[in-house]
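I opened this entry to keep track of what I looked up in the structure. The notes follow the order in which I went through it.

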Amino acid sequence: MKINKVLVILLISILLFSSVSPLSADDDRSYTIDDAIINLTVEKSGLLHVDEAYLYSFDGEFNGVYRDIPLKSGERVRNVKVTAEGAYPVLQETDDSGEKRLKIYLYADKAHTRKIKDCKVKIHISYDMENVVTLFNDVGGLQYKLWGDEWDVGVGHVKAVVSMPGDKNNTYYLNPSEYNKTSSMKGDTLTAETTSIPKGEFYELLLLMPLSDFDSDAPYAKHVDKNGRAMIEKNLEDSIQSRAMWAMSFIALALLSLLSPIIAVFVYLRYGREPEVAYEGIYERDLPTDDPPVFINAMMKSHGLGDPDMEGFQATLLDLIDRKVISLDVQAGDFSTKDLILKFERDDLKDLKRYERNLYNMLYSLSDGGVLNMSELDSKLSSESKGKWFMGELDNFYESAKSEYLSEETVNRYFNNRGSDITMFLAFGGIVMAAIMLFLGFTTNLKAGIYVLAGGAFLLVFSIALIFLPDDIFGQWTPEGRVFYLKWKNFKKFLQDNSLIKEHAPDSIVVWKKYLIYGTALGIADEVYESMKMKIPDYADYDDSVLVYHYYGGYHMMHTAYDTGYSAANPSDSSGFGGLGGGSGGGGGGAF
């Protein structure tokens, strides 16, 4: 039950995370970069002159923008100039380790008193870069990202114009190729245009030029004393092949996610189809079998078939109350209320089953001298030590019931769970694989990442759905178990159908008590109780402990006590509070 909730929370968290925008969730501002124009001039001296123009569309009020220029070892940026169309800019330069930041404040007026709002602004940035062009012994090279992968938003279109120092024997490569729209080389000028580039992607130029086009000393270039052309071309080919391999892998992973439902279908066809049986009953008015309530509870569950739960515990308690093993009384409480009192007066428990003795001793331990006020049960279990003790005693009850009535051999006599076991393995394996696929999809800059993201999301949803499906979808009842299941299913349907109960209402309060006990085991105690109140107007006059237990809310008191005990036994961990990096919140950057 708890793990199912965790998985649902995990899915919701992933969906929420995937929808986070660069601006805060409560910020009604937004912006786009519609176009980028990048002009590069490679000079004979090895200096690279860069002219950039970005067309921003602002929706809402902004202070300005910033441009981060990464710098490798030895690289320098100088002569920075900024102009703007549609706003008045003020530049602030910051040099950090491995990066130059250009913070550009934008104003709507020349006096710099009003911020920009709901407008388009074209930002022009120019600068020179040293030690970016690399001269090897056999070739000159420029590897330059025309669009970087660290922008907070994508771009609608990029146009690049590159001027080279010579007009012959120049070779260029533009990657990733999926963003190429057009490109051409005419003399000493390369022109390229792209499709839209999403956030987190890059677009890179690799340009190879003859050494003879550069000055002999080329003071602003980086000089490397070895041959470079073969190495560069091999590295480029390896990178392209690696990228293609990853892209194909992502597509293959996305297709493999479809294997999970295919396997599930085969499991259903092999293990899930039920055997034909002679039983054709429409409903059952009497108890179909004489099995104890805890057995019915465990065998009629949708999930975890064969494992009793809290409803089985409650039904067993009601059965012990009905058999007078535990006495029940009502006493006046505070503020004109009534308290429900359980009394434990028996010394000899030899005639009880072990799981019944466990229940008796567990509740007796919570009593005061053999008297337990159920309205106080919640507070008795509020401490961590008591909560853990309570959950441990519940586990003892469940294990005792399983050893006496629900052994593996007994459960297998009724139900073949091989198919449900396979689908549970398939579900949890699918969740792990989906997590890997989503991680790869979120972290890659490959366009094919969308396929692995889609496949991972589908696999996660499908795997979680498998966990919530009833066990008998992929498991299979034996012929004996099928008849057992259909009879108890029809009995449950009878208890839930007011028209059937009205037509075949029992005359004896003894039968109603059995309905309540087994309705509790089947998880429909409230429905049975409401039906009983409608069919027996004077039910409150019956001085019967089982009815009194429901009338004064014992069923809900016990469930509340269970929730308290579980929460107390599993407190939230706050041991990391106060450590560096452990606080709430956080943030990032973008337009400001």
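I started with proline 89, whose bridge partner in E6 is leucine 106. The model I am reading is predicted. I then took the whole pair: strand E6 covers residues 99-107 and is joined to E5 by nine bridges, the two running antiparallel.

Next I asked which strands make up the sheet and in what order. I found three strands in an open sheet, ordered E3-E6-E5, with antiparallel pairing. I noted that E3 (64-70) and E5 (88-96) stand at the edges; each has a single partner strand, so one side of each is left without a neighbour in the sheet.

I moved on to strand E1, residues 30-42. Its antiparallel pairing with strand E2 (residues 48-62) extends over twelve bridges.

I then looked up how E1 pairs with strand E10 (residues 158-163): parallel or antiparallel? I recorded a parallel pairing over six bridges. Here I noted threonine 41, which stands opposite serine 163 in E10.

**Helices**

I turned to helix H3 (residues 259-272) and helix H11 (residues 449-468), which pack with axes 10 Å apart and at an angle of about 30°. I logged H3 as roughly parallel to H11, because angles under 35 degrees count as such. On the H3 side I listed Ser260, Pro261 and Ala264 as making the contact, and on the H11 side Phe458, Leu459, Phe462 and Leu466. By type, I have six nonpolar residues and one polar in the contact of H3 with H11, and no charged ones.

My last stop was phenylalanine 442, in helix H10 (residues 418-443). Is phenylalanine 442 buried, exposed or partly exposed? I put it down as partly exposed, because its relative accessibility is 36%, which falls between the cut-offs of 20% for buried and 50% for exposed. I also noted its separation from leucine 453: the two C-alpha atoms are 7.3 Å apart, with the residues eleven apart along the chain.

Definitions and conventions. Residues are numbered from 1 along each chain as its sequence is written. This is a predicted model: local features need pLDDT of at least 70, side-chain atom pairs count only at pLDDT 80 or more; totals for chains, interfaces and linings use all residues. Side-chain values use heavy atoms; hydrogens and water are left out. Two strands pair if DSSP finds at least two bridges between them. Helices (H or I, at least four residues) and strands (E, at least two) are DSSP runs, numbered from the N terminus. Buried means under 20% relative accessible area, exposed over 50%, partly exposed in between (1.4 Å probe, protein chains only). Axes are lines fitted to C-alpha atoms, for helices over the stretch in contact, and angles run from 0 to 180 degrees between N-to-C directions. Angles under 35 degrees count as roughly parallel, over 145 as roughly antiparallel, 65 to 115 as roughly perpendicular and the rest as oblique. Contact means heavy atoms within 4.5 Å. Ala, Val, Leu, Ile, Met, Phe, Trp, Tyr, Cys and Pro count as nonpolar, Asp, Glu, Lys and Arg as charged, and the others, Gly among them, as polar.
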